[in-house]
Amino acid sequence: MRLRKTKNLEKRRESCSELRLPYTLPTFKLNEIKDYRQYFDLEEIFGNPNPLVLEIGCGKGQFACTYAERNPDKNVLAVECEAGVLVKACEKAQNMGLSNIRFLEMKAEYLPIFLKPQSVSEIYLNFSTPFPKKTYEKHRLTHKSFLEIYKTLLCSDGFIAQKTDNQGLFEFSLESFSQNGFALYNISLDLHKSDFEGNIVTEYEQKFAEQGMPIYRLEARPIL
Ligand SMILES: C[S@@+](CC[C@H](N)C(=O)[O-])C[C@H]1O[C@@H](n2cnc3c(N)ncnc32)[C@H](O)[C@@H]1O
């Protein structure tokens, strides 16, 4: 995806700094991280011990903000690696006056450094970048290397929910989850024509649904 330059990015990031979690990345490479840890104190950050819900690749934040608004008894952490996109999500949360959401401008690969094992109750992967080329397969957010991260982060009754318009990514994900210790539930091959209740439509979902494309959805839980 080619990104347009975001106007006044630094100023806008600064003006929503209270919603963005600050961190410093170690100077060494990801594969050298091993046991390096720098956990956020989320109870202190949110001011309560409520369940933590992650959205990875939150884009402009429509899902994360709506989820936070509908679930004031949960804490939402929305992760996105593109600064220009994330700042729009932060601004949305600010405008909605939400207090139970924070944002992390970070690649999902780094999450185990900052989040304690078994600290997450739900993970949402909404319209993740499909990376259709085989050579980029390891960047797909349902590649086995990410599933290992999610297994560490999820608490014992935690689950992952994925939605996508991309049939190739969905097929890849079904295989990846089932080959790497997850059980699959509530699979839908056309979410908008199913009886699923309470769906929160994301920016990408709206675009694809308007084009008449089916939306695929699944839930996955680690087999303990
Ligand atoms: C296609 S957009 C979907 C945005 C939003 N979830 C929606 O449904 O409208 C995918 C987003 O995932 C982000 N992304 C891709 N790989 C990521 C990674 N490894 N860590 C964090 N974000 C990532 C991209 O920057 C992009 O904003």
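1. Let's begin with strands β5 and β7. Strand β5 (residues 154–164) pairs with strand β7 (residues 216–222) in the antiparallel sense, over five bridges. Strands here are DSSP runs of E with at least two residues, helices are runs of H or I with at least four, and both are numbered from the N terminus. Two strands count as paired if DSSP finds at least two bridges between them. One of the bridge partners to look for is E219 in β7, which goes with A161.

2. A word on what you are viewing: this is a predicted model, where local features need pLDDT of at least 70 and side-chain atom pairs count only at pLDDT 80 or more, while totals for chains, interfaces and linings use all residues. Residue numbers start from 1 along each chain as its sequence is written.

3. On to the neighbour of β7. Strand β6 (residues 182–188) runs antiparallel to β7, and five bridges join them. F182 stands opposite P222 in β7.

4. Now the whole sheet. Seven strands form an open sheet with mixed pairing, in the order β3-β2-β1-β4-β5-β7-β6. Because β3 (101–105) and β6 stand at the edges with a single partner strand each, one side of each is left without a neighbour in the sheet. From one strand to the next, the twist averages 20 degrees; such angles run from 0 to 180 degrees between N-to-C directions, with axes fitted to C-alpha atoms, for helices over the stretch in contact.

5. Further along the sheet, strand β1 (residues 52–56) and strand β4 (residues 120–126) pair in the parallel sense over three bridges. E55 has Y124 in β4 as its bridge partner. Helix α3 packs on the sheet and touches β1, β2 (75–80), β3 and β4, its direction making about 175 degrees with that of β2. Contact means that the C-beta atoms of two residues, placed from the backbone, lie within 7 Å. Helix α4 lies across β2 and β3, at about 170 degrees to β3.

6. Those two helices also meet. Helix α3 (residues 62–70) and helix α4 (residues 83–96) pack at about 30 degrees, with axes 9 Å apart. That makes α3 roughly parallel to α4 (the term covers angles under 35 degrees). The residues that meet are A64, C65 and E69 in α3 with A89, K92, A93 and M96 in α4.

7. Finally, have a look at E171, in helix α7 (residues 167–179). Is E171 buried or exposed? E171 counts as exposed because it has 11 C-beta neighbours inside 10 Å (12 or fewer is exposed, 20 or more is buried, and in between is partly exposed, with C-beta atoms placed from the backbone). E171 and Y216 are 45 residues apart in sequence, with 9.8 Å between their C-alpha atoms.

How values were computed
Angles under 35 degrees count as roughly parallel, over 145 as roughly antiparallel, 65 to 115 as roughly perpendicular and the rest as oblique.
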